[in-house]
Amino acid sequence: MTRNEITEQIVAARLEKGLSWQELADAIGKPVAWTTSALLGQHPIPVELAKVLVEMLGLDESVVPVLAAPPMRGGLPTAVPTDPTIYRFYEALQVYGPAIKELIHEQFGDGIMSAINFSVDVQKKPHPSGDRVVVTFDGKFLPYEWNSAQR
């Protein structure tokens, strides 16, 4: 069974059982954004935690090794995302990406924000004109280090 097929089973089982992503995260003691991403195929899930989730979802235990294996990360079906929610992040990065890059360099120096040593959080913020979506990316700054010994 492929990782994509398992992901489809996970999504269907979660809906069928009426489980929220938060309930699944709470069951393994991990952040909801990480757990959701892992169950959608973007992170390996440690075997013991995968067993808990598989049992909650009523899936066959044979999927545990696949859930625990390092996945192929970051693949979207198209180069430019077509899902409206994902596209808005793409659009926001097109508009604000260069400014964010400049501000990172100004405040930290020449380097990048890690997406490996990283966390993300999604919150709902009430607002009189309509609820707001607050997304926080929290990544370690990694400076570029040029090795002068290399020629």
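This report covers a helix, a β-hairpin and a surface patch in a predicted model.

## Helix α1

Helix α1 runs over residues 3-17 and contains 15 residues. At 1.5 Å a residue the helix should span 21 Å, and its end C-alpha atoms are 21 Å apart, so expectation and model agree.

The buried residues of α1 include Arg3, Ile6, Thr7, Ile10, Ala13 and Arg14. They cover an arc of only 130° around the axis and therefore lie on the same side of α1. An α-helix has 3.6 residues a turn, so residues three or four places apart point the same way. Exposed on the other side of α1 are Asn4, Glu8, Leu15 and Glu16.

## The β1-β2 hairpin

Strands β1 (111-125) and β2 (132-143) run antiparallel and are joined by 11 bridges. Six residues lie between the two strands of this hairpin. Within the turn, glycine 130 has a positive phi of about 135°. One of the pairings links valine 120 to phenylalanine 137, its bridge partner in β2.

## Nonpolar surface patch

A nonpolar patch on the surface is formed by Phe89, Met113, Phe118, Val122, Val133, Val135 and Phe137. Together these residues have about 620 Å² of accessible area.

Valine 133, one of the patch residues, lies in strand β2. Its relative accessible area is 65%, and because exposed means over 50%, valine 133 counts as exposed. Phenylalanine 137, the bridge partner of valine 120, also belongs to the patch.

Definitions and conventions:
Residues numbered from 1 in each chain as written. Predicted model: local features only at pLDDT ≥ 70, side-chain atom pairs only at ≥ 80, totals over all residues. Heavy atoms only, no water. Patch = residues over 30% accessible without salt bridge, like charges linked within 9 Å, V, L, I, M, F, W, Y side chains within 5 Å. Areas by Shrake-Rupley, 256 points an atom, 1.4 Å probe, with all protein chains shown as cover. Salt bridge = Lys/Arg side-chain N within 4 Å of Asp/Glu carboxyl O. Helix = DSSP H or I, 4+ residues; strand = E, 2+ residues; numbered from the N terminus. Buried < 20%, exposed > 50% of the residue type's maximum accessible area, 1.4 Å probe, protein only. Pairing = 2+ DSSP bridges. Expected span 1.5 Å × (residues − 1). Arc of directions from axis to C-beta.
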